[in-house]
Amino acid sequence: MDLPFSGDLIAALVFPGVLGIFGFLVVAIWLERKLVARVQWRYGPLYVSKPLGGLLQPVADLLKLVFSELVLPRHTNRLFFAAAPILLFFAEGLPVVFIAAAPGVVMAPHPYGLAIAVVLVLLVAVLVVAMAWTEADKFTYVGAVREILLTAAYEVPLLLAALAMFILYGTADPYGVVEAQSNLWGAVLNPLAFVAYLVALLMATTRFPFEIPEAEPEVVLGPYTEYGSTLFIYAFGANYVKLYVLALLGSVLFLGGWLPAGGLAGVFITLVKMLVFVLPAMLVRAIYPRYRIDQALRIGWGKLLALSVAAVALSLVWRLLR
Amino acid sequence: MVAILIFVVVFLGALVALVVVTFLFAPRRPSEIKERRFESGGPPYGPVQRRLLMQYFGYIYLVTVVEAAVGLALVAVLTAQPSAPMLYLAIALLLAAVLIVVLRYFKVLNDIRRWS
């Protein structure tokens, strides 16, 4: 099935671009609430659009927030206070520029595209800390310190998981990576890297059990405490955008991307494969308690590091055997 | 290149536009309490930006070194010839060195009382 418009325009405006990012924000919030409710024997949101299972509830919530009073605290630098969450949300979505969702559906095809995307994902933590610093609140301050430490826990395992797959495929070009998985998916060739990536994804998106920077009973909302209205949507929604980006990256790196189809069907296949990363990230909220920051650091530099180093070793063995 | 520009303009434009909508149409009833720092009902904390507690900061030193090494390995893998056994050996040795350093200092990093 051929694409009706030029692929790079579809990538920019529809998927994985602007519409995909905002659409994911709505669907992911709804899906998370519904899944967790199901685990806890509840119905979840139903008040808005009951026939659709409450799908429009997040839209109603977001609209309510857009038309809520915009409060800029007087102790902050108001320009930076307003700009920080916008920049954060934007930066979280930026890696999709280099990730292909189907043949031709990529904004910037680049031989090192997936490596650039990984680096862009890792750079964004700086903006979370800058945002928390701008808010100048004790809860945001503690949240920022936790964010820095959590970043220190997952950065190296995430990079090593990516390195393992680049060694295996011999390229970081999205097309080359997907083509290399035409017989067997990366997750089957190197399951250690897949597991390391999945755990690092949970840490990077501060999902349970690593929801440490914004632990509600301890630090209100951590780095987002001072925000309300539209700025809260951006500050809070940025993590969902990161989940979207890492799920897309993961589906290309580990699950064969758009294969076995191309064109529009390939786009849908990529979307479905993203669920392999998104659903566990949603469900763990209903299952796990929260780790302390020192426990997360110990996991990151202990078991997770060992797992990701073993993943690189496995890839090296595969390459030498080939 | 055009697609990237369109993405940046539309994405950033939409984000800014929503804030403008809020600024123009959301109700405004400013009050002193609303603009105060959120203290969660506790006593005022005073200046927030203060000296950091150093506990667990050994990890930050560790990540700056190890991440740079892994970054170098990443660049080497992506720019090397398709099959380069010597490169693979170098990566294996590098990761072995990382593991040894982490194992050597793991207990110290986890317990601030051992930092001296």
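The dialogue below treats a helix, a cavity and a chain.

Author: This is a predicted model, in which local features need pLDDT of at least 70, side-chain atom pairs count only at pLDDT 80 or more, and totals for chains, interfaces and linings use all residues. Residues are numbered from 1 along each chain as its sequence is written, chains are lettered from A and ligands numbered from 1 in the order in which they are written, and side-chain values use heavy atoms, with hydrogens and water left out.

Reader: What span does helix α10 of chain A reach from its first C-alpha to its last?

Author: Helices (H or I, at least four residues) and strands (E, at least two) are DSSP runs, numbered from the N terminus. The expected span of a helix is 1.5 Å times one less than its number of residues. Helix α10 of chain A, residues 191–204, has 14 residues and reaches 20 Å, close to the 20 Å expected. Just after α10(A), A:Thr206 adopts a positive phi of about 45°.

Reader: Which residues of α10(A) are buried, and against what do they pack?

Author: Buried means under 20% relative accessible area, exposed over 50%, and partly exposed in between (1.4 Å probe, protein chains only). The buried residues of α10(A) include A:Phe194, A:Tyr197, A:Leu201 and A:Ala204. Contact means heavy atoms within 4.5 Å; the packing partners in chain A include α7 (138–169), α12 (229–254) and α13 (263–287).

Reader: How many cavities of 30 Å³ or more are counted, and what lines the largest cavity?

Author: On a 1 Å grid over the protein atoms alone, a cavity is a set of points where a 1.4 Å probe fits but cannot get out; lining residues have an atom within 4 Å of a point. Grid points are joined across faces, edges and corners, and a volume is the space filled by probe spheres set on the points. The count is one cavity, and about 50 Å³ of space lies in the largest cavity. Its lining includes A:Ala204, A:Thr206 and A:Lys242. The most residues, four, come from α12(A).

Reader: How does the radius of gyration of chain B stand against that of a compact globule?

Author: The radius of gyration is taken over C-alpha atoms, and the globule rule is 2.2 Å times the number of residues to the power 0.38. For 116 residues a compact globule would have a value near 13 Å, but chain B has 25 Å. The C-alpha trace of chain B spans about 65 × 55 × 15 Å along its principal axes. Chain B has three helices and zero strands, and buried residues make up 29% of its 116 residues.

Methods:
On a 1 Å grid over the protein atoms alone, a cavity is a set of points where a 1.4 Å probe fits but cannot get out, and a pocket is an open set with protein on both sides within 12 Å along at least five of seven lines; lining residues have an atom within 4 Å of a point.
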